[in-house]
Amino acid sequence: MDNGAQKTPLGSVCTPALPLTGQKTRRGDSVTMAERYDCTECTRSLYGQKYILKDDKPFCVKCFESLFSSNCEVCQKLISCTSKDLSYKDRHWHSECFLCIKCDRSLVDRPFATKDDMPLCIECYSSEYSSKCHECLKTIMPGSKKMEHKGNSWHDNCFTCNRCQQPIGTRNFIQKDANNYCLSCYEKQFALQCIHCKKPITTGGVNYRDQPWHKECFVCIGCKQQLAGQRFTSRDDFAYCLGCFCNLFAKKCVSCTTPISGLGGSKYISFEERQWHNDCFNCKRCCVSLVGRGFLTCKEDILCPDCGKDF
């Protein structure tokens, strides 16, 4: 919204000068002729003529209008030096031509708005182009404060919490079932409480065994690493990341001595209370895989039938 067009100062229109050419002036004992007073552009004498001063330089009306006057945006006629020149963004109007393009109401000394660079009174602009408040359905006037969310607009005072009815303003809020709630009211009315810290869960919740957790509260009981979005397992109702679970409870591979998790469908070999990863269950001498094959034992070692013949 604009407060109004500017009145462009073109120059100072002066009254006709007296014809001084040839007039004698006494200065002490000498007599001199008065100096000439001519148009800066065409050099014609301005004595007895209307003229205009611009930057302290005199111009006849014709030269001034040719050099400095603008054409009206509406009627395309020259805006004379004796008329009011209303300007907005380097465009000019006669005062009688500066009208709302919808209702023809004068916009002189009145606030106005523009659409596609064309001036409209506030009433016409609001009726045609302004948003309607989602709550009260009234027009949101240009220049007034409004709130926007998901394509809808509200007056500042209409954008309120559905529970406490207080304006939300720039505070955080949560939308539920097309209604807006300030965080405090939402937590009181809808939010689940974290099973660990007992505080409301407003965002980023995790459900485990039908119990709600904050993401930051659902952590490995061993290393305290967050488990949301990661593979984990449990023992005695406690959640563990795979690393902690394997280190604490998994059997160790006889060959590589690292834990055998057995999680995610991974396979391993068990024989006489000893365990191997599938990839580690190989002949001690020739390293051929013994998975699915017969094998022999020699003390702590396992051998393929070919290598076992030597023993």
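**Rings and buried residues in a predicted model**

R235 lies over the face of F249, 4.3 Å from the ring centre. The model is predicted, and the questions below walk through several of its side chains.

Colleague: Happy to start with charges over rings. Which residue lies over the face of F68?

Modeller: A charge counts as sitting over a ring if NZ of Lys or CZ of Arg is within 6 Å of the ring centre, with a further limit on the angle to the ring normal. For F68 the distance from the ring centre is 5.1 Å. The residue over its face is K54.

Colleague: Let's move to I79. Is I79 buried or exposed?

Modeller: I79 is found in the loop between α1 (61–68) and β7 (85–88). Leaving aside neighbours within four places in sequence, its contacts include S69, C72, K84 and W93. Buried means under 20% relative accessible area. With a relative accessible area of 0%, I79 is therefore buried.

Colleague: How far apart in space are I79 and S69?

Modeller: S69 is one of the residues in contact with I79. The two are 10 residues apart in sequence. From C-alpha to C-alpha, their separation in space is 6.1 Å.

Colleague: H92 also touches I79. Which side chain does the side chain of H92 join through a polar contact of 2.9 Å?

Modeller: H92 has its place in strand β8 (residues 91–94). At 17% relative accessibility, H92 falls under the 20% limit and so counts as buried. Its polar contact of 2.9 Å is with the side chain of D85, and I79 is in contact with both H92 and D85.

Colleague: Nice link! Now the aromatics: what geometry does the pair F98 and F112 have?

Modeller: The structure holds 22 aromatic pairs. In the F98 and F112 pair, the centres are 5.3 Å apart and the planes make an angle of 90°. The pair links distant parts of the chain, with F98 in the loop between β8 and β9 (112–115) and F112 in strand β9, 14 residues apart. Since planes over 60 degrees apart count as edge-to-face, the geometry is edge-to-face.

Colleague: Last one: is F190 buried or partly exposed?

Modeller: Y186 counts as buried, at 14% relative accessibility. F190 has 27% relative accessibility, which lies between the 20% and 50% limits. F190 is therefore partly exposed.

Methods:
Residues are numbered from 1 along each chain as its sequence is written. This is a predicted model: local features need pLDDT of at least 70, side-chain atom pairs count only at pLDDT 80 or more; totals for chains, interfaces and linings use all residues. Side-chain values use heavy atoms; hydrogens and water are left out. Helices (H or I, at least four residues) and strands (E, at least two) are DSSP runs, numbered from the N terminus. Buried means under 20% relative accessible area, exposed over 50%, partly exposed in between (1.4 Å probe, protein chains only). Contact means heavy atoms within 4.5 Å. A polar contact is a pair of N or O atoms within 3.5 Å; within protein, one must be able to donate a hydrogen and the other to accept it, and residues adjacent in sequence count only if both atoms are side-chain atoms. Rings of Phe, Tyr and Trp (its six-membered ring) pair if their centres lie within 6.5 Å; planes under 30 degrees apart count as stacked, over 60 as edge-to-face and the rest as tilted. A charge sits over a ring if NZ of Lys or CZ of Arg is within 6 Å of the ring centre and within 35 degrees of the ring normal.
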